[in-house]
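Please read these points with the structure open beside them. They are meant for someone who has not seen it before.

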Amino acid sequence: MAEVLSNPVFGIAMSVATYAAGVWVNKKLKTPLANPMLIATALLIAFFLLTGIPLEYFNEGGDIINFLIFPATASIGLSIYANYEVLKKNLVPVLGGCLAGAATAVFSVLGLCRLFGLDETMTASLLPKSVTTAIAVPICEQNGGISQITIVAVMIAGTLGAVLAPSLSRWLHLSDNEVATGLAIGCSSHAAGTSTAVKMGETIGAMSGLAIGICGFFTVLFAILFPYFL
Amino acid sequence: MSILWQVGILFSICLAAQGIAALLPFAFPASVLAMLLVFLLLLSGIIRIRHIKELATWFSQNMGFLFVPACVEVMDYFDLIAENLIPILVIGVVTTLLVFAVTGWTVKALMRLQQRRGEKLHG
């Protein structure tokens, strides 16, 4: 049995199957809370807790999938380029908004971490929490954080934004400005928020998509300074 | 362009990014550098959208899937997360709302400023 399970095919097949189940549930329920990634994760964790099959077997395949995050992150460059015309037309608001968003994220997280008295590892893990997982995880790792804590925090930000974006836009009096709404969604809740933003309007979706890459880039620049904060 | 070529092009860019990241005097994630390279290469016309289109689109649309194995490993950190549950939740919620508000208002203010300047120039 171990020979079968320790083949990378096991982890890959399990990931695909549970993710497909997640996509199916997501289509049925139509709520950002039923995120395919979250559903797949919950199913897999339940499976490994119930069967007692060691996670090492799963990770043989998991590592292969993990590796693909690198070229996938590079692919975000294409979506920035695809939105280049909107970027050029709104250059100042986009760059200014993303810079303000990235700075607010980094310093508000830092302040709250100090307030709660969290240690270095925890702070390093939470600092990049506002950007997309693909960018947050390498920032966390280069500063000695635990990527799984980062992932949890990134998911909280993403889910919150995906669910609340339309209401937040109204409450904060942003609904008359599609550029502001889109950038606010993308900076605060990255890819998960963008899936909601796309449904709110074309400009909002494009702006939110742009913010993923640009806000991520600014956060990486701030991250160069993280060693001095920690 | 064939998928094999697209893989060749995108992975070569990643390799170049890895090389540049190793040369930089400070820590900078190679993946984000690769993202920047892809954007700049497209902008300068050195590569065209069709050179990486299908592959890059597939990656972007399945980003959630690629993170499933990393998420599953959260189970190894259940204790640590439980121990810090309140700070994680508070920080997650408060800072997300704050970033949303600050970004939105900054953009709105910047656009109003630009508009006023435009009126002065043209009015």
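This is a predicted model: local features need pLDDT of at least 70, side-chain atom pairs count only at pLDDT 80 or more; totals for chains, interfaces and linings use all residues.

1. The C-alpha centres of its domain 1 and domain 2 are 27 Å apart. Domain 1 of chain B covers residues 1-66, and domain 2 of chain B covers residues 72-123.

2. Chain A is also assigned a domain 1, at 2-67, and a domain 2, at 90-229. Taken over C-alpha atoms, the centres of these two domains of chain A are separated by 26 Å. Four residues of domain 1 of chain A and seven residues of domain 2 of chain A take part in the contact between them. On the domain 1 side, the residues divide by class into three nonpolar, one polar and no charged.

3. Now the contact between the chains. Chain A contributes 82 residues and chain B contributes 63 residues. Within chain A, helix α5 (residues 69-82) gives the most to the side that touches chain B, namely 13 residues. That side of chain A has 54 nonpolar, 27 polar and one charged residues.

4. Helix α1 of chain B deserves a separate look. This helix runs over residues 3-23, 21 residues in total. From first C-alpha to last, α1(B) reaches 30 Å, close to the 30 Å expected at 1.5 Å a residue.

5. Which residues of α1(B) are buried? They are B:L10, B:I13, B:C14 and B:A17. These residues lie on the same side of α1(B), because they cover an arc of only 95° around the axis. As background, an α-helix has 3.6 residues a turn, so residues three or four places apart point the same way.

6. The opposite face of α1(B), turned away from the buried side, carries exposed residues. These are B:L4, B:W5, B:S12, B:L15, B:G19, B:A22 and B:L23.

7. What covers the buried residues of α1(B)? The cover includes α5 of chain A, along with α2 (30-43) and α3 (53-61) of chain B. Helix α5 of chain A is also the element that gives the most residues to the side of chain A that touches chain B.

8. Last, the nonpolar core. The largest one has 107 residues. Those that touch the most other members are A:C98, A:L183, A:A211, A:C215, B:A34 and B:V38, drawn from chain A and chain B. For A:A211, the contacts beyond its neighbours within four places in sequence are A:C98, A:L183, A:G186 and A:C187. In soluble globular proteins, nonpolar side chains tend to be buried together.

Note on methods: Residues are numbered from 1 along each chain as its sequence is written. Chains are lettered from A and ligands numbered from 1 in the order in which they are written. Two residues are in contact if their C-beta atoms, placed from the backbone, lie within 7 Å. Helices (H or I, at least four residues) and strands (E, at least two) are DSSP runs, numbered from the N terminus. Ala, Val, Leu, Ile, Met, Phe, Trp, Tyr, Cys and Pro count as nonpolar, Asp, Glu, Lys and Arg as charged, and the others, Gly among them, as polar. Domain bounds come from an automatic or database domain assignment. A nonpolar core is a set of buried Ala, Val, Leu, Ile, Met, Phe, Trp, Tyr and Cys residues joined through C-beta atoms within 7 Å. A residue is buried if 20 or more other C-beta atoms lie within 10 Å of its own, exposed if 12 or fewer, and partly exposed in between; C-beta atoms are placed from the backbone. The expected span of a helix is 1.5 Å times one less than its number of residues. The arc is that of the directions from the helix axis to the C-beta atoms.
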